Amino acid sequence: MCVLIYKNHKMPIWIDADACPKAIKEVIFRAATRTKIMTTLIANQMIYTPPSPYIKAVQVPSGMDVADAEIVLRLNAGDLVVTADIPLAALVVEKGALGLNPRGEWYTSENVSSLLSMRNFMQELRDSGTQTGGPDALSKRDVQNFANALDGWLSKIK
């Protein structure tokens with residue numbers, strides 16, 4: 001994984017906030033305030049943010065992938081995007097930014113294509129009426145893995 005660092009500029013964090021778990025947002029809020037890194041939540045609905053000069057929320061119109069398009073429009077190479085949305089993650093990686101899912105797993109140029117293929121295959125199964133089940137509930141271990149991955153990234157951009 002390559003992390004781009006511009007002199008005197010901390011890369012911002014973008015959050016695909018519509019489906020981001022509360023526990024993950026809380027980890028990010030604490031980290032943003034502690035490290036003074038700009039963090040923006042983008043969603044189709046208003047999202048609560050704690051009072052902080054480093055955290056803001058942007059509400060976009062409703063619609064399929066409107067929030068995703070807004071994130072891609074705003075991000076730069078090296079920025080961090082927190083999302084569980086694999087198609088968005090593919091666009092993030094393509095643009096040279098970093099993608100991190102709420103379970104603490106990085107999206108990379110090495111894994112995003114296979115993750116996208118698997119996601120599309122599972123969608124085809126669901127569309128054909130096959131019951132595939134969803135992902136497991138977010139566990140405390142997942143939240144800890146996310147916090148560790150985020151802290152690792154933050155320590156690299158100091």
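**A helix across the sheet**

Mentor: Start with α1, which lies across β1, β2, β3 and β4 (80–82) and runs at about 150 degrees to β2. Helix α5 (residues 140–157) packs on the sheet too, touching β1, β4, β5 (98–100) and β6, and its direction makes about 160 degrees with that of β5. Keep in mind that this is a predicted model, where local features need pLDDT of at least 70 and side-chain atom pairs count only at pLDDT 80 or more, while totals for chains, interfaces and linings use all residues. Residues are numbered from 1 along each chain as its sequence is written, and side-chain values use heavy atoms, with hydrogens and water left out.

Some terms: helices (H or I, at least four residues) and strands (E, at least two) are DSSP runs numbered from the N terminus; contact means heavy atoms within 4.5 Å; axes are lines fitted to C-alpha atoms, for helices over the stretch in contact, with angles from 0 to 180 degrees between N-to-C directions.

The sheet under those helices is open, with six strands in the order β3-β2-β1-β4-β5-β6 and mixed pairing (strands pair if DSSP finds at least two bridges between them). At its edges sit β3 and β6 (106–107), each pairing on one side only. Strand β1 (residues 13–16) runs parallel to β2, and four bridges join the two; W14, for one, has T40 of β2 as its bridge partner.

Now the loops. Between α1 (22–35) and β2 (39–43) comes K36, whose phi is near 60 degrees, positive although the residue isn't glycine. At 53% relative accessibility, K36 counts as exposed (over 50%; buried is under 20%, partly exposed in between, with a 1.4 Å probe and protein chains only). D65 sits in the loop between β3 (55–59) and α2 (66–74); its phi is also positive, near 65 degrees, and at 45% relative accessible area D65 is partly exposed.

D65 leads us to the second largest pocket, where M64, D65, V66, D68 and D85 lie nearest the centre among 15 lining residues (a pocket is an open set of points on a 1 Å grid over the protein atoms alone, where a 1.4 Å probe fits, with protein on both sides within 12 Å along at least five of seven lines; lining residues have an atom within 4 Å of a point). Its space is about 240 Å³. α2 gives the most to this lining, with four residues, and α3 (86–94) supplies at least two.

Terms used:
Points joined across faces, edges and corners; volume = space filled by probe spheres on them.
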